[in-house]
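I opened a new notebook page for this one. Here is what I looked up, entry by entry.

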Amino acid sequence: MNNNISLDCAIVGDLLPLYHDDVVSDTTKAAVESHLDGCESCRTEYEALCAELPIGTRQDSTGKRFSAMMKRQKIKKILSIVLPILLAVAILITGYSFLLDNPIVSMDEQVSTPLVYRYETEAGIKFFILFVHPMYDGALESEAHTEYTKDGAALYIEFDRPMLVTRVDDEPSLDVFVYDFQGSPGGAPSCAEVTEVYLGGQVIWSEAKNGGDVVPDYVYEHDRFDGTYIETWDVDYDENDPSKCTMTAGYNDGRTVIWDFDGNIISVIPAEI
């Protein structure tokens, strides 16, 4: 008869308390010893058991020790399952919060600028820019600054959005921004010194190409949009139909004036009497 029985770690783990108390058959004892000779993990577990319950103190408590051993093994198995799950959940929550709080996706390539004008007011030189971009359920962030370049000075604009947001509407969002950097001695340049405007890495206005553009009247009127003299300002835009591209100002006296993008007044709606 072949007495060479091969046992796996799970079975040996169950038998260790009985083997420790020498209450197994000679065949099982030989199989456990053979396994311990070649398995460091089970041997370590057996040494820990011996340290806790020295062989010289064997008593008729095998059942209790076996039960305690099984309980420890059960706890170890539960922890081996639960801890990785908790760690994965913690990583997901941390990553999601980080992505929501940190706008790391550039939107520059999704933003267009159909209107860019430099104009002069009593307060100084300003830039009027219409931005057209997709609408998302998370707030977009726009940053702008001026700095000197080897050819003069430039206005740099960037758009970012949080990564984990979704588009909420097929219609684009329309935003008019006015930039009026006044500069400071020894610091950043003013809009009056700017010779190029960049959106991301693309030039959207330059002194050489656009410096002589005629500024429509609605640009100056928009500068008076403060909620008092002009109470409302609306923009309509259709890249495929210029006739639907309009600027609409609602005045505090009840009048409404509508311009096309070229600056022509296409409608004046008087105040209701």
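I'm working from a predicted model. I began with an open sheet of four strands, ordered E9-E10-E11-E12 and paired antiparallel. I checked its edges: strand E9 (230-236) and strand E12 (265-269) each pair on one side only. From one strand to the next, the twist averages 15°.

I then looked at how strand E11 (residues 256-260) is joined to E12, and found four bridges, with the two running antiparallel. Ile258 is opposite Ser267 in E12.

**Core.** Next I looked up the largest nonpolar core, which has 19 residues. Leu115, Phe128, Tyr218, Trp233, Met247, Trp259 and Phe261 touch the most other members. Strand E2 (112-121), strand E3 (124-136), helix H6 (217-222), E9, strand E10 (246-251) and E11 each give two or more residues to this core.

I picked Trp259 and listed what it touches, leaving out residues up to four places away in sequence. Among them are Tyr218, Trp233, Met247, Tyr251 and Ile265. I also noted another core lying apart from the largest one, with 18 residues including Ile157, Tyr179, Cys191 and Ile204.

**Helix H3.** How far apart should the ends of helix H3 (residues 40-52) be? At 1.5 Å a residue, its 13 residues should span 18 Å, and I found the end C-alpha atoms 18 Å apart, so the two agree.

I then asked which residues of H3 are buried, and got Cys42, Tyr46, Leu49 and Cys50. They cover an arc of only 100° around the axis, so they sit on the same side of H3. On the other side of H3, I found Glu40, Ser41 and Ala51 exposed.

Notes:
Residues are numbered from 1 along each chain as its sequence is written. This is a predicted model: local features need pLDDT of at least 70, side-chain atom pairs count only at pLDDT 80 or more; totals for chains, interfaces and linings use all residues. Side-chain values use heavy atoms; hydrogens and water are left out. Two strands pair if DSSP finds at least two bridges between them. Axes are lines fitted to C-alpha atoms, for helices over the stretch in contact, and angles run from 0 to 180 degrees between N-to-C directions. The expected span of a helix is 1.5 Å times one less than its number of residues. Buried means under 20% relative accessible area, exposed over 50%, partly exposed in between (1.4 Å probe, protein chains only). The arc is that of the directions from the helix axis to the C-beta atoms. A nonpolar core is a set of buried Ala, Val, Leu, Ile, Met, Phe, Trp, Tyr and Cys residues joined through side-chain atoms within 4.5 Å. Contact means heavy atoms within 4.5 Å.
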